[in-house]
Amino acid sequence: MSLSTRVKTRRTEASLGAEREHFDKQQLSSISKAINSTETPVKEKHARRIILGTHREKGAFTFWSYALGFPLASSSILSWKFCHVLHKVLRDGHRNVLQDCMRHNSSIVEIGQLWGNLHDRYGQLVAIYAKLLNTKMRFHAKHTEIPANLEATDEVLERVAGTDVNNVFQLTVEVFDYMDVELKLAETVLRQLNSSIAISSLTSGQCRLSPLVQVIQDCSQLYHFMVKLLFKLHACLPADTLQGHRDRFRDQFQSLKSFFNRAREMHYFKRLIQIPKLPDSPPNFLHAAALAKHVKPVVVIGDDDDGDDDDDDVETLIDISDSPQQASVPQPDMFDQAFGPPNGAFDDRDLQIETLKRDMEQLRAELERVKAEAQRYITQLKSQINSLEAELEEQRAQKQRALLENEQLRMAMEVARRRNAEHENLQSTFIEADQRSQATEQRYNKLKEKHTELVASHAELLRKSADTVRMLSATQQTQEEVERTKLQLSFEVDRIRQEADLKLEEQKFEMEKLKRELLEKVAEITRINATLQSTEQSSAQMNGSMTALQAEKERLMRSVSEKEAELSSVRQTAQLQQSTVLHERDKSSKELSDLQAKLKEKDRQEELLKQKLLDEQFAMLQGTVAEAENILQDAVAKLDDPLHIRCTSSPDYLISRAEATLSSIDKMKKGQADYVKNMNDAGGLLRSLTQFSHCAADTIINGSATAHMAPTDHADRLTENCRGCATQALQYLKELKSKGTLQRADPASIKIIVHKILSLGQELRPKSLDVRQEELGDLVDKEMAATSAAIEEAVRRIAEMMNQARKDTSGIKLEVNERILKSCTSLMEAIRMLIITSTDLQKEIVEGGRGAASIKEFYARNSRWTEGLISAAKAVGWGATEMVDSADKVVLHTGKYEELIVCSHEIAASTAQLVAASKVKANRHSKKLTMLQQASRHVNEMAANVVASTRTGQDNMEEKDPMDFSGMSLIKLKKEEMESQVKVLELESYLENERLRLGELRKQHYTLAGVPLDQLSEGNDEPSSLVSMFPKGNGEASSLVYKPALMKKPALAQKPSMRQKSPFR
């Protein structure tokens, strides 16, 4: 190989290494930005770069190498965003991603199980999401022809299902399970948003909602698969066999439709995704022709621009083809299917979108045409109704005219009766009566024709109404308008029918009335004939008139008979219409009976469903009780486990667990009462049972662990009560498993034993913990304020003493007093600055550690540390007060300088205790902690100045007694020497006794403060040396050395550091 070739090879390797290093750096940056513990949604650009990385390296090796390093078990939000990114990578990543993810399937399952056992809102979501990812990977690993993004054609689905009906059945069940997990995740997310009143505009809500975009994409494809597979199954199997599949599909259809409708209303999804609209009712799988009406739901993803960061570079795809020959032929890839073809080319989805748009325009035009046609029919019907109403008005007018004419005829007959003497007038009256009778007959004929026409128009209206209903039912969007029109037309038809019946009755009444009038006319004619016969003798000329009247009478009688015949025909017509109405009434009664039978069948089905629901609820209750029994039995088994002997717990934690158990017992009792009242809902009882089992198991285990450190008597009683609690709890759960004993099951015995455990825990608590935890927060503030007030009061008193000393003393005494009081004032100022700095640091600790809890809850949760702060603050305030009293006595020459020195040492020790108490929970890099340490050092310096000033003043104020032994003899000197040795021995004995007394006082002090004696250092160490002793337990910061809370602090004795006086000059 030539030199130039080797140089090129090395350069190529160096460039490939640099490119790989740059790729790893970019992937690490994108993964760390996409998966973090902040409650914000995953940015699309980071996920896109991760997906591009999988296509570049043809797998997910780099992604998993970095993802396995995340502490997923420590943060539920971190696990949630990891599942979201993994879902995106599975859907849109390279096809080899599925194989790489299957290698880590067990890790995903473990994360889901871990968070599923914890009571955390995001933890519940992570458990469901992990189950979804597991189901997704197993499904696509089994059916490799279906890609992870579910973008499979109908031909691919047919090939995967095959021709064996068993394979189709199994694939349908797997798709149902797939859809169940997707819908469960969506329902849980939306339910949490409702309970926390979160909206989609907040980052906390968007963090939960962002994975639902992938869920919507999966659900739309799975819905299409289910429809296709169910139609294929119904073509091969009988309908009764697939009843369960249809019921399950109907439930999933309703849940999916509800999910799509709620997501469509949220503002967050409107800019990200176009959600398809499902039909109002599920497809009818019993009719194969319904498959042609099925429209595949299409999801359109919108553009989501998250903004650009300064350190982000644009990642471009590299050539992923296997050979140069394959590069010339475009091969469809899943990456192209997910992100679209490069260079702006159109793919199948663009063509589908255009086709759907054209179909929508055609359907919209068809809908407008149907609406216009329906409006035209409505207008025609309204015009026909108006014309019929006009005809009815005309008939009413004709009726009024007929009545008027009848009245006029009656008046004419009266005139003819008065003028019967005149033959010409009578003849004209008969002629006129004939004419009017003919006119009445003609009007009756017209009424009869109008009635026939009205009946015909009524039938025509009924036919047109039916045609209109059939035409208007062709489209779904105008169904409500058509229904309203149908109701209006039916109302109008009923009204017209009623009016027609009224008209018929009125016509019958008119016929009867006319008949009576004709009879009256015949009676009148008879009376006229009698009158004519009476007048026949007086005038012979009236004979001819009587003959004409007789002929007229006969003609009228014939007319009356004809009218009676016509009246009988009208009666027959009315009877025929009445029979038709009765037939329709019978038909309506039959339909009503059928509807009532269907209603009874529906009621029976509802009763069966209710009974099934009750059985399912009780079965769930039995399963929950069995699981609770397993938890309690496991807790009891740990009591006898030799490995459990090493476990210890504190009485505080046992008390908290016992109180939680008592609360869960009350909730369980309430849930049991609610379930007994309404057995349709066992949710409250199931939740309370789960909480009770875990709390009771924690109480039993922690009770046994606390007994390991308790005295023998307390340990035996505590262990016995733990076993009794388990026995009573198992007995109660046994009664809950049976319907016969469910109502009389009572957890009162469990509550009594838990109260006993709680009282034993309170007896085992240290005596310094007698203050209620809810008062700790207020007590901290009060003690800090009291300490500050004590310091201010001390400064004021020192100033007063200095002013009084300047008035009462002078010379060396004034100089000594001023020096001591100035050093005390400087010490008080240093302590005041220390208290201020400690208060600021304490606020920083509380704000940084309380999270969502209140300040009082933070103090109660860290009660040991809080009581340490209280003890330290009390010690500082007490030391300041004692120091002022000692200084006052020294200035007034009624006290000892040693008292002032001891008070200075005590203040230094108390401030060191306060600093150590603050350092327990403070951040190591906190600036306020540094300021507190500086203030503590300044306090120590000022305390040293006080000691130095006191000792200097003591030296100056002591009278120097000259020791002149020159006049003594040898015997006298020997005697003085022996007396001095005796005095030294007495003082040494007194010193030893005082040291023993000091040790006993300190032991009693620490016993009252709650510190075990084995933690105390041996010897006569200073109390400040105990500041660093913090026993650890239950994850709670331990307190410092406790001071008695209800008694004055005893004076701290020290070994005097006096200068040895030499007996000789």
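Cysteine 722 counts as buried in this predicted model, at 0% relative accessibility, where buried means under 20% relative accessible area, exposed means over 50% and partly exposed lies in between (1.4 Å probe, protein chains only). Cysteine 101 is likewise buried, with a relative accessible area of 0%. A disulfide is a covalent bond between the sulfur atoms of two cysteines. With a disulfide taken as a pair of cysteine sulfur atoms within 2.5 Å, the structure holds zero disulfides. Cysteine 722 is in no disulfide, and its nearest cysteine sulfur, belonging to cysteine 725, is 7.2 Å away.

Residues are numbered from 1 along each chain as its sequence is written, and side-chain values use heavy atoms, with hydrogens and water left out. The model is predicted, so local features need pLDDT of at least 70 and side-chain atom pairs count only at pLDDT 80 or more, while totals for chains, interfaces and linings use all residues.

Attention now turns to the nonpolar cores. A nonpolar core is a set of buried Ala, Val, Leu, Ile, Met, Phe, Trp, Tyr and Cys residues joined through side-chain atoms within 4.5 Å. The largest one has 89 residues, and Phe63, Phe259 and Phe269 touch the most other members. Helix H11 (residues 212-236) gives the most to this core, with 14 residues; helices (H or I, at least four residues) and strands (E, at least two) are DSSP runs, numbered from the N terminus. Another core lies apart from it, with 49 residues that include Met828, Ala887, Cys903 and Val939. Contact means heavy atoms within 4.5 Å; neighbours within four places in sequence aside, phenylalanine 63 is in contact with Ile31, Ile35, Ile50, Glu57, Phe82, Val85 and Leu86.

The loops deserve a look too. Asparagine 36 sits in the loop between helix H1 (3-34) and helix H2 (44-57). Its side chain forms a polar contact of 2.6 Å with the side chain of threonine 38. Such a contact is a pair of N or O atoms within 3.5 Å; within protein, one must be able to donate a hydrogen and the other to accept it, and residues adjacent in sequence count only if both atoms are side-chain atoms. A polar atom of the asparagine 36 side chain also lies 2.9 Å from the backbone oxygen of lysine 33.

Lysine 58, in the loop between H2 and helix H3 (61-67), has a positive phi of about 60 degrees although it is not a glycine.
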